Amino acid sequence: MLKIYNSLTRGKQEFVPIEAGKVRMYVCGVTVYDYCHLGHARFLLVFDVVQRWLRASGFDVTYVRNITDIDDKIIKRAQENREPIETLTARFIEAMDEDAAALGAEKPDFEPRATQHVQGMLDMIKVLEARGLAYQAANGDVVYSVRKFESYGKLSGKTLDDLRAGERVEVVPGKQDPLDFVLWKKAKEGEPSWDSPWGKGRSGWHIECSVMSSALLGSHFDIHGGGQDLQFPHHDNEIAQSEGATQSKFVNYWMHNGFVRVDNEKMSKSLGNFFTVREVLAKYDPEVVRFFIVRAHYRSPISYSDQHLDDARQALTRLYTALKGDAAAAGEVDWNDPHAARFREAMNDDFNTPEAVAVLFDLANELNRSRSSRDAALLKSLGGILGLLQRNPINFLQGEVTGGPNATEGPHKGEVTRVYSLDRKWIEEQKDAREAARKRKDFAEADRIRNELESLGIVLEDSPQGTSTWRLK
């Protein structure tokens with residue numbers, strides 16, 4: 001039985017879907033005004049693994065991840081660039097899709113955009129106003145009256161009396177309470193706007209997710225996910241809006257992933273301490289980055305550094321080395337196998353990927369001893385559930401990638417990095433020259449060639465018959 005840590009109840013609970021055999025899941029997506037950073041990559045991959053495991057467990061999953069394509073930051077960036085908002089957002093949506101694909105994140109079933117759901121937002125705001133939960137402030141904005149929603153803050157655990165006026169809440173003149181938040185913003189000159197009963201304007205950020213999720217999943221669904229920083233105020237506000245409008249429960253299980261940290265601070269654009277996915281993929285294979293993120297438990301913080309990425313590369317190299325030389329294909333998993341049973345137990349324990357990855361290493365050790373095609377197929381199959389180990393091992397070990405800025409084909413074609421600066425023909429020639437030197441017992445020359453290649457990050461691997469292959473360090 002799958003157990004999920006529910007942020008709402010602050011504990012693990014057995015997962016019981018609203019409709020037997022089906023899971024409806026919504027995840028807060030990206031505000032598209034810049035390239036994705038590694039913090040974005042984490043939530044993309046965390047919930048990619050969640051939906052993969054749910055599907056592997058036999059559930060019929062509907063996975064929705066939204067795009068915020070209208071926002072103060074988007075408007076400001078478009079004005080700075082002197083370009084239309086639609087041009088800006090289209091460019092960064094395309095970039096986000098490229099980065100997600102490079103990291104192996106599968107596309108969600110639905111990817112709604114805020115600008116496509118304005119009418120639904122207006123309809124919900126009308127209901128909230130009719131119920132006495134929303135009002136128009138003196139400046140023309142429509143705001144939510146948080147003190148009229150009795151259980152406000154139940155997700156984050158914050159009480160209204162604990163909150164400081166203006167804490168992560170936009171200051172709006174004429175609000176009845178400083179903590180009331182904006183549902184509809186009165187139009188400013190030069191900004192995009194839509195007609196509404198309260199005059200021209202545009203939606204606030206929080207109302208978007210309430211409307212997009214309910215439009216595609218219904219007013220009550222199974223799982224809502226996002227980064228830990230969204231618990232307050234965003235998800236608290238979603239609950240207040242949705243439950244205030246429907247007078248019924250909004251979501252059964254709330255999931256939040258931990259931060260990516262740099263020098264013990266959360267990675268974020270506002271702090272200026274972020275690395276874009278593209279910057280990281282210029283140095284590291286996309287699967288290494290995926291492995292770095294996936295092997296940590298989703299609720300734990302992870303620290304970004306080149307040292308940690310190098311460690312992830314070495315660890316993933318061990319798994320691919322075990323698979324080298326075996327042509328067995330991944331297939332249906334025999335869940336009665338002891339390794340598979342341990343893997344399933346780990347994943348059913350709140351998606352415990354550190355333990356699931358430990359199973360992969362135990363299985364790789366077994367494969368190194370047995371050289372069994374059955375063990376190889378199982379390793380590939382279990383790895384595939386995490387989005388790992390699906391490539392030709394030699395291709396991985398020699399630094400060939402199929403996505404990301406290193407790619408020779410696809411969306412990043414032409415962006416050459418250190419991986420593709422390698423002259424494979426020259427490497428093969430040096431490998432053959434070393435084998436020839438060894439055969440004529442010129443060990444000094446053989447060692448010179450080996451050392452030169454190693455200084456370039458290329459390791460020659462010997463077999464009893466001679467040097468059989470090479471790989472990157």
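This is a predicted model: local features need pLDDT of at least 70, side-chain atom pairs count only at pLDDT 80 or more; totals for chains, interfaces and linings use all residues.
Biologist: Why is F47 called buried?

Modeller: Buried means under 20% relative accessible area, exposed means over 50%, and partly exposed is in between (1.4 Å probe, protein chains only). F47 has 0% relative accessibility, so it counts as buried. You'll find F47 in helix α1. Leaving out residues up to four places away in sequence, F47 touches M25, V27, Y63, G225, G226, M255 and N257; a contact means heavy atoms within 4.5 Å.

Biologist: And what makes I74 buried?

Modeller: I74 has a relative accessible area of 0%, so I74 is buried as well. I74 sits in helix α2, residues 72–81. Among its contacts beyond four places in sequence are T31, V32, Y33 and L88. I74 and T31 are 43 residues apart along the chain, and their C-alpha atoms are separated by 7.8 Å.

Biologist: How much of the chain is buried?

Modeller: Buried residues make up 55% of the 473 residues in the protein chain. Of the contacts with a separation of 6 or more, 72% join residues 24 or more positions apart.

Biologist: How do you know which cysteines form disulfides, and how many are there?

Modeller: A disulfide is a pair of cysteine sulfur atoms within 2.5 Å, and a search of the whole structure finds zero. Take C209: the closest cysteine sulfur, in C28, is 3.7 Å from its own sulfur, so that is too far for a bond. C209 has a relative accessible area of 1%, so it is buried. C36, at 3% relative accessibility, counts as buried too.

Biologist: What makes something a nonpolar core here?

Modeller: Take buried Ala, Val, Leu, Ile, Met, Phe, Trp, Tyr and Cys residues joined through side-chain atoms within 4.5 Å, and that set is a core. In the largest one, with 131 residues, F343 and L386 touch the most other members. Helix α1 supplies the largest share of this core, eleven residues. A second, separate core has seven residues, including L453 and W470. In soluble globular proteins, nonpolar side chains tend to be buried together.

Biologist: What makes a space a cavity, and how many are there?

Modeller: On a 1 Å grid over the protein atoms alone, a cavity is a set of points where a 1.4 Å probe fits but cannot get out, and lining residues have an atom within 4 Å of a point. The count comes to one cavity of 30 Å³ or more. The largest cavity holds about 90 Å³ of space, a volume being the space filled by probe spheres set on the points, which are joined across faces, edges and corners. Its lining includes L45, V46, H297 and T353, and α1 gives the most, with four residues.

Notes. Residues are numbered from 1 along each chain as its sequence is written. Side-chain values use heavy atoms; hydrogens and water are left out. On a 1 Å grid over the protein atoms alone, a cavity is a set of points where a 1.4 Å probe fits but cannot get out, and a pocket is an open set with protein on both sides within 12 Å along at least five of seven lines; lining residues have an atom within 4 Å of a point. Helices (H or I, at least four residues) and strands (E, at least two) are DSSP runs, numbered from the N terminus.
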